[in-house]
Amino acid sequence: MSTAIQIAYLVASILFITGIKLLGKTKDARRGNMLSAIGMLIAIIATLLTINLLSYVEIFVCILIGGAIGLFYATKVAMTKIPEMVALFNGFGGLASFAVALSDYFQKSSATGVSLDAVNLTSIIISVLIGGVTFTGSMIAFLKLDGKISGQPITFKGQHPLNLLLLIAFVVTSVLVFLNPGNLVFIGVLIGISLLLGILTVIPIGGADMPVVISLLNSYSGMAACATGFILNNNVLIVAGSLVGASGIILTQIMCKAMNRSLTNVLLGGFGQTVATG
Amino acid sequence: MTVSALLILIYVLVLASYLGFELISKVPPTLHTPLMSGSNAISGITIVGALIACNEMGYTSMAKWLGMFALILASINVVGGYAVTDRMLKMFKKK
């Protein structure tokens, strides 16, 4: 049984790899997308067959609700609004990884008596950080593109030092979580910092540069899924997640080059300022 | 998790990342958005994690609620992501 599941995951991984490859070619792109969708279906069915299904009603209902919402917006949205849509979906993906990590934290730290080891804790912390940044970052990107908040770069004095300070605070809190894995306050602080960092890294970037930012955040959501794979000891999550993470970085770089800019500028969040002056 | 189990996962991570870097070289500008959207749908693979997370009886644990929340979000990401990518690519064909 377990071998069959592993083979199914392997097939899914191959379909994802082929899918991404074909998506980069004009003639085969649509087929590539189809192949990767089949890979996803195989991965989902294989997972449902592996686990001893305890809550199939809830699982069915949740998939139905999510699928209906996704399908509705994907078919109804105006073609010109598609970049916003991608940002929104990407944010949901990041938030999903974030929630899976926290779910695992609660499951292992409370009732079951299974203790959290170093690998679990590290993966949970990474997944919360990247997932949180992806979520709030994508939401800001969505709001900027949609014109709900100004597309102008929003900058203030001491922005970079503040981000650095938050990162240091994140590392310090992570150490505290390691020392007191059961303490919910520290986990709460980690969640807060992650969400704040996502907002702060995207607000200084101008609306015209949002596609590049969304591509970068897309790469992040892949990495978040990958971190979740380490929590659950699951190969298909790691393969698909790191594929998206790595190819997303390359795509971001290609998009930067097309706009004659450097990736470092995006990563530092100083991207929009170049536009404002130039 | 044992060290050898962790090492296998790291092997997978390193090789898949390298593959991801190499997979994309020349992409025509018209395909930038569909490629982004299509790979975004793949990052919805976290749905597998969500399925495992919400497979628990009863509604009393935080873990279960978070798992169900994650499953709804991941389903939006997967279904919406693939559907919107297909819609975009269908448009290109007509031109």
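Predicted model: local features only at pLDDT ≥ 70, side-chain atom pairs only at ≥ 80, totals over all residues.
Residues are numbered from 1 along each chain as its sequence is written, chains are lettered from A and ligands numbered from 1 in the order in which they are written, and side-chain values use heavy atoms, with hydrogens and water left out.

Now to the pocket. Rolling a probe the size of a water molecule over the atoms shows where empty space is left. Here a pocket is an open set of points, on a 1 Å grid over the protein atoms alone, where a 1.4 Å probe fits and where protein lies on both sides within 12 Å along at least five of seven lines; lining residues have an atom within 4 Å of a point. The second largest pocket has a volume of about 260 Å³, a volume being the space filled by probe spheres set on the points, which are joined across faces, edges and corners. Its lining is made of 17 residues, and nearest its centre lie A:Leu41, A:Ile44, A:Ile63, B:Val78 and B:Val79. Two or more lining residues come from each of α2 (29-50) and α3 (56-76) of chain A and α4 (62-94) of chain B; helices here are DSSP runs of H or I with at least four residues, numbered from the N terminus. How many of the lining residues are nonpolar, polar or charged? The lining of this second largest pocket has 16 nonpolar residues, one polar and no charged.

Let us move to the helices of chain A. For α4(A), the 28 residues should span 40 Å at 1.5 Å a residue, and the end C-alpha atoms are 41 Å apart, which agrees; the expected span is 1.5 Å times one less than the number of residues. Of those 28 residues in α4(A), 25 are buried, where buried means under 20% relative accessible area, exposed over 50%, and partly exposed in between, with a 1.4 Å probe and protein chains only. One residue of helix α4 of chain A is A:Met85, which counts as buried at 7% relative accessibility. Leaving aside neighbours within four places in sequence, A:Met85 is in contact, meaning heavy atoms within 4.5 Å, with A:Tyr73, A:Val77 and B:Val84.

In the loop between α4 and α5 of chain A we find A:Leu116, and at 14% relative accessibility A:Leu116 counts as buried. Among the residues that A:Leu116 touches, beyond four places in sequence, are A:Tyr105, A:Ile124 and A:Pro181.

Helix α7 of chain A, residues 184-202, has 19 residues and reaches 28 Å from its first C-alpha to its last, close to the 27 Å expected. Its buried residues include A:Phe186, A:Leu190 and A:Leu197, and what covers the buried residues of α7(A) includes α4 (82-109), α5 (118-146), α6 (159-179) and α8 (210-232) of chain A.

In helix α8 of chain A sits A:Thr228, which is buried, with a relative accessible area of 0%.

Finally, a backbone detail and a residue of chain B. Most residues other than glycine have a negative phi. A:Asn233, although not a glycine, has a positive phi of about 60 degrees; A:Asn233 is found in the loop between α8 and α9 (235-258) of chain A, and is partly exposed at 44% relative accessible area. B:Gly20, in helix α1 (residues 3-23) of chain B, counts as buried at 0% relative accessibility, and B:Gly20 touches A:Leu243, A:Ala246, A:Ser247 and A:Ile250, not counting residues up to four places away in sequence.

Notes:
Nonpolar A, V, L, I, M, F, W, Y, C, P; charged D, E, K, R; others polar.
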